[in-house]
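Here is a short report on one protein chain. Keep the structure in view as you read.

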Amino acid sequence: DRDKMFLTRTVIYELVQALKFKSSIPDENLLLLVQFVVLDAGGTLSLYNSSVTETSALYSTQSPSMVTTCASEAMRPNLNDCLDFIADLHTITKIKTNMKVAGASLNEDTLGSQLKSGISQYLSLEITRGNGRDNRAITRYLPWLYHPPSAMQQGPKEFIDCIGHIRLMSWLLIGSLTHTAITEGSAPISCLPIPLEASCHIADHIMVIMTGFAEQSSASVLHMSSLFHAFILCQVRSTIVNIAQALA
């Protein structure tokens, strides 16, 4: 059994090293490593210039007959690293820098968003599977979701933390939307990493930004962009809710 998993573990190791920016991998190879994991988890990436229709055809053609590689399972111990990757405000800049070290980048302008979208899709699927009735995965990986700062606790640190949480939730929901769009709702799993009943808790985080923006917005560029991140989350969440209701 160890021999069977050797290749998969090697692939996962190389991917994790790249996500931590400890190694440089050519663009196409890095995307294929992410695709290797996402396909095993039950999704797929829209690589290069392929359209959504072509990607959907790839998913519907490969997913029923594909032999599992256990890549998603092997990647599971590194979920926190994946969360750090999509939560980092400077990830795309780091990717551009890292790719320049590796050589000429063919996808410099799109690689960062493709990688973050792919990792977000994988995380969304894993969190959805791990939630169960008591939302265990949410409690483990997003423990702050159900405990937004109260009005008395809303200082500069809480404000900046809330921006990070909102950005992370947005990326997770983008991963969920990507999976739904590519699979056209035909996947055996409904990818909802953040349950619909958690909407009130998301609203609490949005309110932290709304109430603190006037006082905190001048602190930095990130603080100034807090409303932008809050509006993006609202838009993505609204889309998720509408799709979930349509598929119900």
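C82 is buried, because its relative accessible area is 0%. Buried means under 20% relative accessible area, exposed means over 50%, and partly exposed lies in between (1.4 Å probe, protein chains only). C162 counts as buried too, at 2% relative accessibility. Q121 is also buried, with a relative accessible area of 1%.

| Residue | Relative accessible area |
|---|---|
| C82 | 0% |
| C162 | 2% |
| Q121 | 1% |

This is a predicted model, in which local features need pLDDT of at least 70, side-chain atom pairs count only at pLDDT 80 or more, and totals for chains, interfaces and linings use all residues. Residues are numbered from 1 along each chain as its sequence is written, and side-chain values use heavy atoms, with hydrogens and water left out.

**Confidence.** pLDDT is the predictor's confidence in each residue, from 0 to 100. The chain has a mean pLDDT of 83, and 83% of its residues reach 70 or more.

**The chain as a whole.** There are 12 helices and 0 strands. Both are DSSP runs, numbered from the N terminus: helices are H or I with at least four residues, strands E with at least two. Of the 248 residues, 46% are buried. The structure holds 0 disulfides, a disulfide being a pair of cysteine sulfur atoms within 2.5 Å.

Contact means heavy atoms within 4.5 Å. Take the contacts between residues at least 6 apart in sequence: 76% of them join residues at least 24 apart.

**Around Q121.** Q121 sits in helix α7 (residues 111-131). Which residues does Q121 touch, leaving aside its neighbours within four places in sequence? They are V38, G43, T44, L45, G175, T178 and H179.

**A helix pair.** Helix α9 (residues 156-183) packs with helix α12 (residues 226-247) at an angle of about 35°, and their axes are 9 Å apart. Axes are lines fitted to C-alpha atoms, for helices over the stretch in contact, and angles run from 0 to 180 degrees between N-to-C directions. From α9, the residues in the contact include F159, I163 and L173, and from α12 they include L233, V236 and I240. The contact divides into 14 nonpolar, 6 polar and 2 charged residues. Here Ala, Val, Leu, Ile, Met, Phe, Trp, Tyr, Cys and Pro count as nonpolar, Asp, Glu, Lys and Arg as charged, and the others, Gly among them, as polar.
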